[in-house]
Amino acid sequence: MKAAVLGSPIAHSLSPVLHRAGYAALGLPDWTYAAIECDEAGLPELVATCGPDWAGLSLTMPLKRAILPLLDRTEPLAADVVGVNTVVFDHWKRHGYNTDVPGMVAALAEAGVTAPSSAVILGAGATACSALAALRATGLRTVTVAVRDSARAASLLTVAARLGVQVELQPLPAAGDSGPDLLISTVPAGAADFLAAKLAAGLPVPACVFDVIYAPWPTRLGQAAEQAGATVVGGFELLLHQAGGQFELMTGRTPAPLEAMRAAGQAELARRSATV
């Protein structure tokens with residue numbers, strides 16, 4: 001059976017390493033997993049070429065929303081957050097799922113964060129929408145979202161309304177000033193460096209900082225948060241747990257062999273770091 005991760009750019013993706021390690025651990029020698037460069041324009045044609053020998057697809061940016069009109073069925077969670085990161089093929093039908101949300105919940109729980117009293121999200125894109133759903137799963141119903149431009153938060157506010165979560169917008173430079181229990185950064189590498197400097201200067205330290213970036217790691221934010229005494233969750237934990245969910249959906253084998261996948265992913269990250 002075939003599976004692949006699609007996106008643009010995609011050469012850096014760690015997903016093939018994780019999924020292949022899972023296949024090896026469970027003795028699935030006939031399963032393959034590739035990384036395929038694909039943008040929004042090429043997505044319909046590529047999906048149409050996936051025949052009965054295809055089990056599923058993992059999707060990264062910029063395809064998590066572009067895939068929606070190409071699906072036969074979308075699970076309610078993925079529809080709520082307007083983001084599909086997993087497609088499973090079943091008798092020529094295309095089913096869409098979101099494993100980012102349960103992946104975030106699992107990554108936080110692994111770090112002992114199950115019921116934060118308050119939270120701030122940096123950014124308002126697709127990953128921030130998944131973070132909103134993850135926070136709802138922990139019991140939060142009011143979340144602060146720090147954005148550079150409030151006009152670009154319209155989609156996130158629509159998602160929040162569907163989820164029943166109240167969002168309080170604030171300017172990005174003010175992020176973290178209130179000393180939240182949990183801070184989740186969904187912004188690109190370098191965009192949260194200002195907050196690292198504020199933590200180093202004595203900003204109230206969140207109990208936990210979750211930075212969704214996994215490479216390069218540590219980010220300045222993650223490093224500053226750890227030095228300030230916060231529990232730090234990195235993007236690798238999210239990547240691992242969302243990949244585990246994808247593995248289970250595509251193969252039908254549960255539970256996913258997370259420890260084998262974790263070891264392979266960490267070894268690959270160490271190899272890449274050593275070659276930089």
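Me: Helices here are DSSP runs of H or I with at least four residues, and strands are runs of E with at least two, both numbered from the N terminus. Which of these elements each supply at least two residues of the lining of the largest pocket?

Reply: They are β3 (54-59), α4 (100-110), α5 (126-137), β8 (142-147) and α9 (235-251). The largest share, five residues, comes from α9. The model is predicted, so local features need pLDDT of at least 70 and side-chain atom pairs count only at pLDDT 80 or more, while totals for chains, interfaces and linings use all residues. Residues are numbered from 1 along each chain as its sequence is written, and side-chain values use heavy atoms, with hydrogens and water left out.

Me: What makes a space a pocket, and what makes a residue part of its lining?

Reply: On a 1 Å grid over the protein atoms alone, a pocket is an open set of points where a 1.4 Å probe fits, with protein on both sides within 12 Å along at least five of seven lines; a lining residue has an atom within 4 Å of a point. By that rule 47 residues line the largest pocket, and M61, T127, T186, P188 and V212 lie nearest its centre. The space in this pocket is about 1400 Å³, the volume being that filled by probe spheres set on grid points joined across faces, edges and corners.

Me: How do the residues of the lining of the largest pocket divide by class?

Reply: There are 24 nonpolar, 16 polar and seven charged residues. Nonpolar covers Ala, Val, Leu, Ile, Met, Phe, Trp, Tyr, Cys and Pro, charged covers Asp, Glu, Lys and Arg, and the others, Gly among them, are polar.

Me: How much space lies in the second largest pocket?

Reply: About 250 Å³. This pocket is lined by 14 residues, with Y214, A215, P216, W217 and L269 the closest to its centre. At least two lining residues each come from β12 (231-233), α9 and α10 (258-275). Nine of the lining residues are nonpolar, three polar and two charged.

Me: Why is T144 called buried?

Reply: Buried means under 20% relative accessible area, exposed over 50%, and partly exposed in between (1.4 Å probe, protein chains only). T144 has 17%, so it is buried. It is found in strand β8. Contact means heavy atoms within 4.5 Å; leaving aside neighbours within four places in sequence, T144 is in contact with A119, V120, I121, E168 and Q170.

Me: Where do V82 and W92 stand on that scale?

Reply: V82 is at 26%, and is therefore partly exposed; W92 is at 64%, and is therefore exposed. V82, in the loop between α3 (76-81) and β5 (86-90), has a positive phi near 55° without being a glycine. W92, in the loop between β5 and β6 (93-97), is not a glycine either and has a positive phi of about 70°.

Me: What puts the buried residues of α7 on the same side?

Reply: The buried residues of α7 (193-200) are L195, A196 and L199. They cover an arc of only 105° around the axis, so they are on the same side of α7; the arc is that of the directions from the helix axis to the C-beta atoms. Their cover includes β7 (119-122), β10 (182-185) and α8 (220-227).

Me: Why are the buried residues of α8 said to line one face?

Reply: In α8 the buried residues are L221, G222, A224 and A225. Down the axis they fall within an arc of 165°, so they line one face of the helix. The face turned away from that side carries exposed E226 and Q227. Among the elements covering the buried residues of α8 are α7 and β11 (208-211).

Me: How do you know how many disulfides there are?

Reply: A disulfide is a pair of cysteine sulfur atoms within 2.5 Å, and a search of the whole structure finds zero. For C50, the closest cysteine sulfur, in C38, is 9.5 Å away, which is too far for a bond. C50 is buried, its relative accessible area being 6%.
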